[in-house]
Each structure stands twice: as structure tokens, then as C-alpha cells.
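Work through the exercises below with the model open beside you, trying each task before turning to its solution.

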Number of protein chains: 2
Amino acid sequence: MKTIARLFKALSDETRLRILSLLLYEELCVCDIMAVLQLPQSTVSRHLAYLKNAGWLDDRRCGVWMYYSIVDSGNSLQKSLLESLRENLSGLEMAVADRERLCGFSQHNRCA
Amino acid sequence: MKTIARLFKALSDETRLRILSLLLYEELCVCDIMAVLQLPQSTVSRHLAYLKNAGWLDDRRCGVWMYYSIVDSGNSLQKSLLESLRENLSGLEMAVADRERLCGFSQHNRCA
DNA sequence: ATAATATATCCGCATATCCGCTTATAATCA
DNA sequence: TGATTATAAGCGGATATGCGGATATATTAT
């Protein structure tokens, strides 16, 4: 029960929901997320660490860049919740705005 | 986004998950929940209020008794999450133990 | 009205959580 | 090696959250 509560706790913050909402579609690095969300590096980094420690994200380093993605190997509750998030977050105003901002960046100056 | 975070926050506590797990099956009153979870009245009452304020529960008074149940009229995320909880909580050791304790009470001394 | 029962709310306490700035660490290049 | 870039982690501050005991409120019976 406590581990389930922990999974939900990771989702109970707006910034973290925004991050997860972006990562539903593709792997991203910290600087992309920073740019899109327009948040300080330390804030983004802390939230990414929280999501990773809670079991939602994997990370990999590529040179100076750290890429984060949603775990492949989640349990059935996680899979179920991700499906719920996909269906319910994608239409939200803020999520749409974030994704549009990401598209803008992908055409111009992304880190990789 | 904030309201979604709030829905998840309501689920990010073990006691509240246990309460919700019981209410997945039937409406219960505060004293039933207290007895099953073996928690003080103020603790149970506070958590029920939190779940209600977050949009997960309805309440109705019947004499001195307050009955709580899961909302019928939740949004699609809520419906989706409840489905996930149904599938994933019911087999958990603690949830099973709680339900068994509830069955024991239902055959002997329940408030109603 | 008083007493009893059920429950909501208050209270103080301890801990957790979020924030952004600062510092430490990792990787790369000259 | 030192400098630069990217990112993790530390720090202090403000706020939120969980706890259980005490008190307030609601309902019912006498």
C-alpha cells in the first residue's frame, strides 16, 4: 500500500504532471524540459529525481546531457495509470501549451 | 492540472487508500471504517473529509450515522483511476485483511 | 432540559514537501 | 590542466501534511 501511495504522491504535483505529460510522447533531456516549462534547472532536476526514485522514470547520460524517459517495466498499476494519464492529460490547456512550446524548440535550438 | 494533482494527492496516503479500497465495494459509515482500520475517530474523520473535499466521496447522514461512498459522478480520469484501483488494490495483503475484518463485523455488531 | 452516542473540527507537534539560490559533480574541449 | 557546459545535490525558508487527544457539533432518547 505504501509503495502505491508513493506512486500517487509522485503524481500529486503540477510540475511533475507537466513533466510526465511531456515524457508520455518522447524521451527528453533536462535542458529541453527546463526550456519548455520555463523553470529553473534545480527545480526541474529535483522533480526528475523524485519521479525517478518513485519508479516512474529511467535516465541515461549522453555526454553532458541527461535524458529521461518513462519506464518500460512498470507494474500493472503503473501501466494502467499511464494509460489514464495519456487519455486525460493530452487535452488539457497547459499540456497542449507545453507541447506546442516543445515543438517550437525542436525546430530550432535543442541541445542535441 | 492543479485539480488533477489534487486528485492524486488524495490517493497518496496509505490510510486514505485503505479507506477507498473498502469503499470500492460498498457504502460505509465512519464507525465501520474506524473499527476495520483500527484507527482513532479523528484520524478517520479527517481522511474522509479530505477525500470528500478532493472530489472522491459523497456523504449522507442517517440519524447519528454518516455514510460515505465513492462518487457516481466523477470525471473520466476519476473513473479510469477507480478502475485501476479496483484491479490493483483488491489483491493486496492489507486490503484483503481489511476486507476480512469488515466481513467479521458485518456478521456481528455494525452500527446500522 | 439533560444525557448518550456519533462525528466534525481544533490544536499542537513532528515531519514532509515545495521553492530557488548556491555549490558540487560529471562530461567535454582546448 | 583549466575552462566551459550540463546537471545533481545541498541549503534555508515557507508551507503542507499526517498524527492523536481534546473539544465542538449533530442526532436521538429520556
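**Exercise 1: the surface near the DNA strand**

By class, the surface near DNA strand C has ten nonpolar, eight polar and five charged residues, where Ala, Val, Leu, Ile, Met, Phe, Trp, Tyr, Cys and Pro count as nonpolar, Asp, Glu, Lys and Arg as charged, and the others, Gly among them, as polar. This is a predicted model, in which local features need pLDDT of at least 70 and side-chain atom pairs count only at pLDDT 80 or more, while totals for chains, interfaces and linings use all residues. Residues are numbered from 1 along each chain as its sequence is written, chains are lettered from A and ligands numbered from 1 in the order in which they are written, and side-chain values use heavy atoms, with hydrogens and water left out.

*Task.* Determine which elements supply the surface near DNA strand C, and which phosphate contacts chain B makes.

*Solution.* Step 1: a residue is near the strand if one of its heavy atoms lies within 4 Å of it, and of the 23 residues around DNA strand C, those that come nearest are Thr43(A), His47(A), Gln41(B), Ser45(B) and Tyr68(B).

Step 2: at least two residues each come from helices H2 (14-23) and H4 (41-54) of chain A, and from helix H3 (30-37), helix H4 (41-54) and strand E3 (65-70) of chain B, helices (H or I, at least four residues) and strands (E, at least two) being DSSP runs numbered from the N terminus. H4(A) gives the largest share, five residues.

Step 3: of the DNA strand C atoms within 4 Å of the protein, 65% belong to sugar or phosphate and the rest to bases. An N or O atom in the side chain of Ser45(B) is 2.2 Å from a phosphate oxygen of DNA strand C, a polar side-chain atom of Tyr68(B) lies 2.5 Å from a phosphate oxygen, and a polar backbone atom of Met66(B) is 3.2 Å from one.

**Exercise 2: the interface of chains A and B**

*Task.* Describe how much area chain B and chain A bury between them, and which element of chain B gives the most to its side.

*Solution.* Step 1: 25 residues of chain B are in contact (heavy atoms within 4.5 Å) with 25 residues of chain A.

Step 2: the two chains bury about 2,100 Å² between them, 72% of it on carbon and sulfur atoms; buried area is the accessible area (1.4 Å probe) that two parts lose on being put together, summed over both.

Step 3: the rule finds two salt bridges across the interface, each a side-chain nitrogen of Lys or Arg within 4 Å of a carboxyl oxygen of Asp or Glu. Glu14(B) forms a salt bridge with Lys2(A), with the closest N and O atoms 3.5 Å apart.

Step 4: helices H1 (2-10), H2 (14-23), H5 (76-89) and H6 (93-106) of chain B are the elements that give two or more residues to the side touching chain A, and H5(B) gives the most, with nine residues.

Methods:
Polar contact = N/O pair within 3.5 Å; in protein donor to acceptor, adjacent residues only side chain to side chain.
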